[in-house]
Amino acid sequence: MQISKRHLLLAVSALGLGFTGLARAHGNEDHPKKAGPVRKEQKDWGIAGDAKAARRTIEVRMGDNMRFTPERIDVRQGETLRFRVQNTGKVMHEFVIGTKAENAKHAELMIKFPNMEHDEPYMAHVSPGKTGEIVWTFNRAGSFEFACLIAGHYSAGMVGTINVTA
Ligand SMILES: [Cu+2]
């Protein structure tokens, strides 16, 4: 029940954003940084991290071949990682951490609403040639994903695995 309720909420907010998000979001411009502190909301795959707590930086490259390098990241539960995500391609890519179910659902929405604006502390939208950065704390063990949810990229295989061991 919880999943379908969340799905409904996502769909409803996506519909609303269809009007306001058309002009920007997912163009070739970087999203403007929003003012205010990062929203810290516990997710199944962790919580927004403090940069000061990051002991390890993971360099990730994203290319127009719809692949991430590396494709697998191993983490210990409780670790805070800084991800430096480089877009080596010529089109927009993004790095979104989530559960497999969450990403698959989100990717489907992005196909229906390609201009949907989405920005959360567990995602980085990166313009061609640029590098984005996020800091995330993996406080829950499990097998998660990082994915590019730009319309069509996820289904083309633009996805990697994050294993968090207890
Ligand atoms: Cu992509």
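The donor residues of the copper ion follow the sequence spacing H-x54-C-x4-H-x4-M; donors are N, O and S atoms within 2.8 Å of the metal (3.2 Å for Na, K and Ca), and water is not among the atoms, so sites may look incomplete. The model is predicted, so local features need pLDDT of at least 70 and side-chain atom pairs pLDDT 80 or more, while totals for chains, interfaces and linings use all residues. Residues are numbered from 1 along each chain as its sequence is written, and side-chain values use heavy atoms, without hydrogens and water.

The protein donors lie 2.0 to 2.7 Å from the copper ion.

| Donor residue | Donor atom |
|---|---|
| His93 | ND1 |
| Cys148 | SG |
| His153 | ND1 |
| Met158 | SD |

His153 and Met158 are both buried, meaning under 20% relative accessible area with a 1.4 Å probe and protein chains only (exposed is over 50%, partly exposed in between).

An open sheet has five strands in the order β1-β8-β5-β2-β3, with mixed pairing. Strands are DSSP runs of E with at least two residues, numbered from the N terminus, and two of them pair if DSSP finds at least two bridges between them. At the edges are β1 (47–48) and β3 (68–69), each pairing on one side only. Strands β2 (residues 56–62) and β5 (residues 79–87) are parallel partners over seven bridges, and Ile58 stands opposite Phe83 in β5.

Glu79 is in strand β5 and counts as buried because its relative accessibility is 11%. A polar contact of 2.7 Å links the side chains of Glu79 and Arg56; such a contact is a pair of N or O atoms within 3.5 Å, and within protein one must be able to donate a hydrogen and the other to accept it, with residues adjacent in sequence counting only if both atoms are side-chain atoms.

Technical notes. Helix = DSSP H or I, 4+ residues; strand = E, 2+ residues; numbered from the N terminus.
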